[in-house]
Amino acid sequence: MFAFLETYYQRTGSDEIGALLGDLQLDGADEPFDQAVLQDWTDAVTRTREDGETLARAHLG
């Protein structure tokens with residue numbers, strides 16, 4: 001996802017995407033500069049996995 005956002009930023013120069021990319025950058029300890037982003041990312045991944053499983057069950061069931 002980072003690569004997608006980075007490419008989008010390079011193409012558009014969007015300040016909002018640039019700020020998001022800055023927040024997602026990792027520091028020397030491999031932690032995001034904005035610690036709140038880590039929890040937001042974890043929550044989004046969890047929701048995506050749950051939604052994907054729900055969709056898979058709907059298509060298989």
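Predicted model: local features only at pLDDT ≥ 70, side-chain atom pairs only at ≥ 80, totals over all residues.
pLDDT is the predictor's confidence in each residue, on a scale from 0 to 100. Residues are numbered from 1 along each chain as its sequence is written, and side-chain values use heavy atoms, with hydrogens and water left out.

Across the chain the mean pLDDT comes to 86, with 90% of residues at 70 or more.

Helix α1 (residues 2–12) packs with helix α2 (residues 15–24) at about 145 degrees, their axes 9 Å apart. Here axes are lines fitted to C-alpha atoms, for helices over the stretch in contact, and angles run from 0 to 180 degrees between N-to-C directions. On the α1 side, F2, L5, E6, Y8 and Y9 make the contact (heavy atoms within 4.5 Å), and α2 brings I17, G18, L20, L21 and L24.

Then there is the largest pocket, with a volume of about 160 Å³. A pocket is an open set of points on a 1 Å grid over the protein atoms alone, where a 1.4 Å probe fits, with protein on both sides within 12 Å along at least five of seven lines; lining residues have an atom within 4 Å of a point. Among those lining this pocket are M1, F2, L24 and W41. Helix α3 (residues 35–60) gives the largest share, three residues.

Definitions and conventions
Helix = DSSP H or I, 4+ residues; strand = E, 2+ residues; numbered from the N terminus. Points joined across faces, edges and corners; volume = space filled by probe spheres on them.
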